[in-house]
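The following exercises concern the fold, dimensions and surface of one protein chain. Each task is followed by a stepwise solution.

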Amino acid sequence: MYNPRRITPREQKIISLYSNWEFGMTPTQFYDKWAVSYEQMALVCSRSNSTVRGWFRSDGNRRYPTHNDLLHLALMDFFLEHFEEIPEQVLHWLHFQ
């Protein structure tokens, strides 16, 4: 039986906060902060190696990261900085264990 939960004012506020969340990190910021390869950045963002290389081009073939790419890089930065501080239960909920 399918019985979805109703969205309460609390959940509506969380949805609004999330949808207006200005959280992101550019590929250049990430690359300058962490000693990663373009291939590793491609893994983080689920992109091809050529797409990531395109982010760093300065010619007419330059590509630009999407909002989701910026979010992936910011989240990875957060995990790299704070992984050991994240409670085990939260890691379990995120399927990191």
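**Exercise 1.** How many helices and how many strands does the secondary structure of the protein chain comprise?

*Solution.* This is a predicted model, in which local features need pLDDT of at least 70, side-chain atom pairs count only at pLDDT 80 or more, and totals for chains, interfaces and linings use all residues. Residues are numbered from 1 along each chain as its sequence is written, and side-chain values use heavy atoms, leaving out hydrogens and water. Helices are DSSP runs of H or I with at least four residues, strands runs of E with at least two, numbered from the N terminus. The count is 6 helices and 0 strands. From the N terminus, the order reads α-α-α-α-α-α.

**Exercise 2.** State where confidence is lowest and highest.

*Solution.* The predictor's confidence in each residue is pLDDT, from 0 to 100. Its mean over the protein chain is 95, with 100% of residues at 70 or more. Helix α6 (residues 88-93) has the lowest confidence, at a mean of 94, and helix α3 (residues 38-45) the highest, at 98.

**Exercise 3.** Compare the radius of gyration with the globule rule.

*Solution.* The radius is taken over C-alpha atoms, and the rule is 2.2 Å times the number of residues to the power 0.38. For 97 residues, a compact globule would have a value near 13 Å, whereas the protein chain has 17 Å. Along its principal axes, the C-alpha trace spans about 50 × 30 × 25 Å.

**Exercise 4.** What percentage of the residues counts as buried?

*Solution.* Buried means under 20% relative accessible area, exposed over 50%, and partly exposed in between, using a 1.4 Å probe and protein chains only. Of the 97 residues, 21% are buried.
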